[in-house]
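Subject: A structure to look through, with notes

Dear colleague,

I am handing over the structure below for you to open beside these notes. Please read them slowly and check each point by eye as you go.

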Amino acid sequence: MGTRDIENLDAEDMFNEKDRRNPLVLCGAIATAGVLCAGLLAFRKGDFNRSQQMMRARVGFQAATVALMVGTVYVQGKT
């Protein structure tokens, strides 16, 4: 958004700002939530090894999502 304040954006500007977001971030967030749910279900069933694997995978997906977010901000800052 640069130097403009968010309060000064009209509806069209807000729509254009959303268009520049990285759709892979949404995919990463959904994947993180899915692995988290799978891990919780495995824990509830008593499969502690599988639950631990899912929690480790969640951390990986979460790190990838944060990296995508930071990369998107970096690339948008260059333009």
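What share of the 79 residues in the protein chain is buried? Buried residues make up 15% of them, where buried means under 20% relative accessible area, exposed means over 50%, and partly exposed lies in between (1.4 Å probe, protein chains only).

Before going further, please keep in mind that this is a predicted model, in which local features need pLDDT of at least 70 and side-chain atom pairs count only at pLDDT 80 or more, while totals for chains, interfaces and linings use all residues. Residues are numbered from 1 along each chain as its sequence is written, and side-chain values use heavy atoms, with hydrogens and water left out.

The protein chain has 3 helices and 0 strands, in the order α-α-α; helices (H or I, at least four residues) and strands (E, at least two) are DSSP runs, numbered from the N terminus.

Helix α2 covers residues 23-45, and its 23 residues reach 34 Å from the first C-alpha to the last, close to the 33 Å expected at 1.5 Å a residue, a span worked out as 1.5 Å times one less than the number of residues. At the start of α2, a side-chain oxygen of Asn 22 comes to within 2.9 Å of the backbone nitrogen of Leu 24, and just after α2, Gly 46 has a positive phi of about 95 degrees.

The buried residues of α2, among them Val 25, Thr 32 and Gly 39, pack against α3. Leaving aside neighbours within four places in sequence, Ser 51 is in contact (heavy atoms within 4.5 Å) with Gly 39, Ala 42 and Phe 43.

As for cysteines, Cys 27 is partly exposed, with a relative accessible area of 48%, and Cys 37 is also partly exposed, at 44%. The structure holds 0 disulfides, a disulfide being a pair of cysteine sulfur atoms within 2.5 Å.

Finally, an unreviewed UniProt entry places the feature "transmembrane region" at residues 23-43 and 55-75; its positions are given in the numbering used here, feature names are shortened, and annotations may be inferred rather than shown by experiment. In the model, residues 23-43 are 100% helix, with end C-alpha atoms 31 Å apart, and residues 55-75 are 100% helix, with end C-alpha atoms 30 Å apart.

Conventions. Polar contact = N/O pair within 3.5 Å; in protein donor to acceptor, adjacent residues only side chain to side chain.
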